[in-house]
Amino acid sequence: HSANMQAIAIRAAQPDDLADLYLLLRAKADFDGALPALTATEADLGRAIFCKDPGCKFVVAELDGKLVG
């Protein structure tokens with residue numbers, strides 16, 4: 001291990017992550033050529049994953065305080 005290697009932290013997504021999560025979702029859709037099919041808004045995503053009884057749980061990868069996945 002190099003002394004300057006940073007560890008990636010895996011943690012549960014929090015509501016404060018919503019803007020970055022949406023940007024990651026848009027980037028993935030764009031990469032896949034599916035951006036025109038992405039009709040959900042940032043607010044839609046927030047309601048879906050941070051509601052009282054979400055259908056799934058999101059985890060995020062964070063490096064140096066920035067979401068990277």
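Val-68 is partly exposed, with a relative accessible area of 45%; on this scale buried means under 20%, exposed over 50%, and partly exposed in between, computed with a 1.4 Å probe and protein chains only. The model is predicted, so that local features need a pLDDT of at least 70 and side-chain atom pairs count only at pLDDT 80 or more, whereas totals for chains, interfaces and linings use all residues. Residues are numbered from 1 along each chain as its sequence is written, and side-chain values use heavy atoms, with hydrogens and water left out.

Val-68 is located in the segment after β3 (66-67). Helices (H or I, at least four residues) and strands (E, at least two) are DSSP runs, numbered from the N terminus. Together with Ile-8, Ile-10 and Val-59, Val-68 makes a nonpolar surface patch of about 400 Å². Patches are made of residues with over 30% relative accessible area and no salt bridge; like charges are joined within 9 Å, and nonpolar side chains (Val, Leu, Ile, Met, Phe, Trp, Tyr) within 5 Å. The accessible areas come from the Shrake-Rupley method with a 1.4 Å probe, and for residues only the protein chains shown count as cover.

Another member of the patch, Ile-10, belongs to strand β1 (residues 9-12). Ile-10 is exposed, its relative accessible area being 61%. When neighbours within four places in sequence are left aside, Ile-10 is in contact (heavy atoms within 4.5 Å) with Val-59, Val-60 and Ala-61. The C-alpha atoms of Ile-10 and Leu-63 are separated by 9.1 Å, while the two residues are 53 residues apart along the chain.

In soluble globular proteins, nonpolar side chains tend to be buried together. Here the largest nonpolar core has 8 residues, namely Ala-13, Leu-18, Leu-21, Tyr-22, Leu-45, Ile-49, Val-60 and Leu-67. A nonpolar core is a set of buried Ala, Val, Leu, Ile, Met, Phe, Trp, Tyr and Cys residues joined through side-chain atoms within 4.5 Å. Two or more residues of this core are given by each of the elements α1 (18-31) and α2 (42-49), and α1 provides the largest share, 3 residues. Not counting residues up to four places away in sequence, the core residue Ile-49 touches Leu-21, Pro-54 and Phe-58.

Thr-41 lies in the loop between α1 and α2. With a relative accessible area of 38%, Thr-41 is partly exposed. From C-alpha to C-alpha, Thr-41 and Arg-26 are 9.9 Å apart in space, and they are 15 residues apart in sequence.

Side chains of opposite charge can pair when their charged atoms come close. A salt bridge is taken as a side-chain nitrogen of Lys or Arg within 4 Å of a carboxyl oxygen of Asp or Glu, and by this rule the count comes to 4 salt bridges. In one of them, the side chains of Asp-17 and Arg-11 meet at 2.8 Å, N to O. Asp-17 is buried at a relative accessible area of 7%, and Arg-11 is partly exposed at 24%. Arg-11 also forms a salt bridge with Glu-62, with the closest N and O atoms 3.1 Å apart. This pair links distant parts of the chain, Glu-62 being in strand β2 and Arg-11 in strand β1, 51 residues apart. A further salt bridge is formed by Asp-32 and Lys-28, whose closest N and O atoms are 3.0 Å apart. Asp-32 is partly exposed, with a relative accessible area of 46%, and Lys-28 is partly exposed with a value of 46%. Through shared partners, salt bridges join Arg-11, Asp-17 and Glu-62 into one network.

The structure holds 0 disulfides, a disulfide being a pair of cysteine sulfur atoms within 2.5 Å. Cys-51 is in no disulfide, and the nearest cysteine sulfur, that of Cys-56, is 8.7 Å away. Cys-51 counts as partly exposed at 34% relative accessibility. Cys-56 is likewise in no disulfide and counts as partly exposed, at 40% relative accessibility.

Asp-64 is placed in the loop between β2 (59-63) and β3. Although Asp-64 is not a glycine, its phi is positive, at about 50°. At 59% relative accessibility, Asp-64 counts as exposed.
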